[in-house]
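Visitor: I would like to go through the charged residues of this model. Could you show it first?
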Amino acid sequence: MTDGNGIIRISDDVVATVAGLAALDTPGIAAMSGGISEGWAKRLSGKNAQRGVSVEVGEREAAVDLRVIVHYGVAIHDVCWQLQERVREAVQTMTGLTVVEVNVKVEGVQLPDEEPEEAPPPLRVR
């Protein structure tokens, strides 16, 4: 981008981080996936928000590819549509780039946690 003062370039890593954080903040998304090439799908925290995100960034446009794991029981199509909208809005708002596409690949479903273990008996002596 040119703003009259010079050229502004936004790195792929910045766009990937913005997209990844927006994805992790989307209801119904359990985690980002490391992809099949990295072995089993891995759950990742916001510290690794770029994992599961691929981007192409040009001077004025960006394209985003996401690999995600969804929570069991959600309407996957609805969650993915909301994910696309949130990522598009976050990237466009924070970078000024036009997002031309947001592709989503659902690579897994996080099943509900097993029943919690029984709580230990209360202490008899304090």
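Guide: Helices (H or I, at least four residues) and strands (E, at least two) are DSSP runs, numbered from the N terminus. This is a predicted model, in which local features need pLDDT of at least 70, side-chain atom pairs count only at pLDDT 80 or more, and totals for chains, interfaces and linings use all residues. Residues are numbered from 1 along each chain as its sequence is written, and side-chain values use heavy atoms, with hydrogens and water left out.

Visitor: Where is Glu101 placed?
Guide: Glu101 is in strand β4, residues 98–110.

Visitor: Changing topic, how many salt bridges are found in the whole structure?
Guide: The search finds two, a salt bridge being a side-chain nitrogen of Lys or Arg within 4 Å of a carboxyl oxygen of Asp or Glu. One of them pairs Arg86 with Asp25, with the closest N and O atoms 3.7 Å apart. Arg86 lies in helix α2 (residues 76–95) and Asp25 in the loop between α1 (12–24) and β1 (29–32), so this pair ties together parts 61 residues apart in sequence.

Visitor: How accessible are Arg86 and Asp25?
Guide: Arg86 is partly exposed at 31% relative accessibility, whereas Asp25 is exposed at 54%.

Visitor: And which residue does Lys105 pair with?
Guide: Lys105 forms a salt bridge with Glu107, the closest N and O atoms being 3.7 Å apart. Lys105 is partly exposed at 46%, and Glu107 is partly exposed at 21%.

Note on methods:
Buried means under 20% relative accessible area, exposed over 50%, partly exposed in between (1.4 Å probe, protein chains only).
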